[in-house]
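Hi,

Here is the structure I promised to send over. Have a look at it first, and then read on for what turned up.

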Amino acid sequence: MQYRLKKYTWVIIPLLFLLYSAPSALDYVFHFPDEKYYTDAVLQMMDKEDYFTPYKADGSHRFLKPIVTYWTLIGSYKVLGVSKFSSRVLFWLAGALLVALVYFMAKSLLKDKKAAFLAAFITAANPLVLMSSSRSIPDILLVLFLTISAWGFLEIMLNENPSKKYYWMAYLGAAFAFETKGLPAAAFAGISFLYLLFNPWWRKKLREILYPGAVSLAVVVALSWFVIMYIEHGREFIGSFFADQVGERVSSKLLQVITNGFLGIVNLIAFTLPWFVIAFSRQKKLKAFILNSDQKNKAILGMIAVWVAMVLIMSAAVFKFYDRYLLPVIPLVSVFFAFVITKTEIHGTKTALRIFQSFVFLFLFINILYIVFILPDKILILGTVTGIILTRLLILRKSNTITREITLANFILLLYFSVHLLLYPLLMPNPGEQLVKNIRKTQLSGNEQIYVYGNIRAASNIRIHSHHEMNVVSMDTVYTLPSNPNHLLVFSPKEEPFLDLSNYDIQRGSEEWSRVPAEKFPRFMQPAIRNIKASGTVYFVAIPKSNKK
């Protein structure tokens, strides 16, 4: 019985990831701008019963990204209904699955359970993984499928007679990644394939890399949606897709490429702190370790280096750099850090642990003060108590399996958890939730069309928070008033000058920082708090005077 329990101790890693990331993932504390492109498209796909063609908010086609992210949302909405929870839950679970996958990959490649535990925790504690698991966009799905593919290729390389499952992982993982993000996935699959052929440590022959069944099915999976879209939409599809993937994405300006490349390096280091500093803390020892490693380990490290180089090159070559472009290499980089930390002499862990412990203590203390003196929010109370209990357990650290490095990873996760707990009473309820509540108060028939002006994210937010029960029309910057009398308007002060509202009664629909009571803060802070509240985004609801209750 004890052996069985020990065998499944890895389960605690994805479960802890789910716990620590829950405050940011399961509610719209932050509504990432790109989420609207996928949630809006899926709601239209379901309404039209067209499960292959994504749509923009205005009803036109959106071919910028392949289909997997849309299908993920459709599946969630079909099973759980339309809500903020169902919009994100599968992406949240994909993050946990990625963490578990890294554990098994590292354990298989490094033959070291201790290193595998650390690799999984480093992945779980990475800010890019945490943030991407809290958004209904392709990124976390892409890295999940690419990591499956990378593991498959590594196992094919390292084993004389690799199991057939690794071929399926290598090629189908790449295929699903291609159906998630397009050409970037093909680039990583291609560089992995070439690495197996030409790396100087553990080369494979072409016939050893290819497995016809896996390759054939992967090609079918990767291209099926593209073929369907080309048959249905022809040049419109091809032009739109390649414009997004290449034409409007890739930069030809040398200075911009150099700048983006520098940003890529800086961001990769920043998002892998403190592990980067710890792993490279004794560079001579690290260099000797790498040089003295056997051929198989050099081959593994070489593939990781090639992937890092690839992601930096791809990040440099775009018009605008985004930190999330670095996400695909985080699992492999985490394996590298875990390998180095567990096998070489390093220092800096104790210092890093003290720093992150101090930040966690600070935010827990602030949370307690906010509960006692400002607002006793239920979520904040429950989360703070949970944080205190976890902090106590981590400080005691009685189990031999909980190393200082794993404790450090947990404190990084706990800091992320504590920060988002504090943001909850500050930023919630979300503007979409407030708008839905106030719109329902003003509705007479319940089937009014809701015309939303300005950023289309507001319209998307209303659709999700109303469980897609409201008839929402995204007007964007088209400032014409509807002719249908059975309607309501939603707008912010930016749009108000462009609308003739003389025949409308205006009510406040939502207010950022609505639950922040300035008068309960210390007197010296109250002017700053009032300024922050005054600068927050406000939305209004306009009711035709003829429709007023």
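Let's start with helix H14, whose buried residues pack against helix H17 (295-316) and helix H18 (330-343). Keep in mind that this is a predicted model. The buried residues in H14 are Asn 260, Gly 261, Gly 264, Asn 267 and Leu 268. Looking down the axis of H14, you'll see them fall within an arc of 135°, so they line one face of the helix. Turn to the other side of H14 and you find Leu 255, Ile 258 and Phe 262 exposed. As for length, H14 covers residues 254-270, and its end C-alpha atoms sit 24 Å apart, which agrees with the 24 Å that 17 residues should span at 1.5 Å a residue.

On H17, take a look at Met 314. Met 314 counts as partly exposed, because its relative accessibility is 24% and the buried class stops at under 20%. Apart from neighbours within four places in sequence, Met 314 touches Pro 184, Ala 187 and Phe 188.

Helix H21 (residues 404-427) is another one to find. With 22 of its 24 residues buried, H21 is largely enclosed by the rest of the structure. From first C-alpha to last it reaches 34 Å, close to the expected 34 Å.

Now the salt bridges: a search of the whole structure gives 14. One of them pairs Lys 84 with Glu 433, at 3.6 Å from N to O. Another joins Lys 343 and Asp 112, whose closest N and O atoms are 2.8 Å apart. Here Lys 343 belongs to H18, while Asp 112 is in the loop between H5 and helix H6 (113-124). Lys 343 is partly exposed at 41% relative accessible area, whereas Asp 112 is buried at 13%.

Arg 515 and Asp 377 also form a salt bridge, 2.8 Å from N to O. Both lie in loops, so the pair ties together parts that are 138 residues apart in sequence. Asp 377 is buried, at 7% relative accessibility. There is also a network: Asp 34, Asp 139, Lys 181 and Arg 324 are joined by salt bridges that share partners.

Last, the surface. A nonpolar patch of about 560 Å² includes Phe 365, Leu 369 and Phe 373. Helix H19 (residues 349-374) supplies the largest share, 5 residues. Phe 373 is exposed, with a relative accessible area of 56%.

Cheers

How values were computed:
Residues numbered from 1 in each chain as written. Predicted model: local features only at pLDDT ≥ 70, side-chain atom pairs only at ≥ 80, totals over all residues. Heavy atoms only, no water. Patch = residues over 30% accessible without salt bridge, like charges linked within 9 Å, V, L, I, M, F, W, Y side chains within 5 Å. Areas by Shrake-Rupley, 256 points an atom, 1.4 Å probe, with all protein chains shown as cover. Salt bridge = Lys/Arg side-chain N within 4 Å of Asp/Glu carboxyl O. Helix = DSSP H or I, 4+ residues; strand = E, 2+ residues; numbered from the N terminus. Buried < 20%, exposed > 50% of the residue type's maximum accessible area, 1.4 Å probe, protein only. Expected span 1.5 Å × (residues − 1). Arc of directions from axis to C-beta. Contact = heavy atoms within 4.5 Å.
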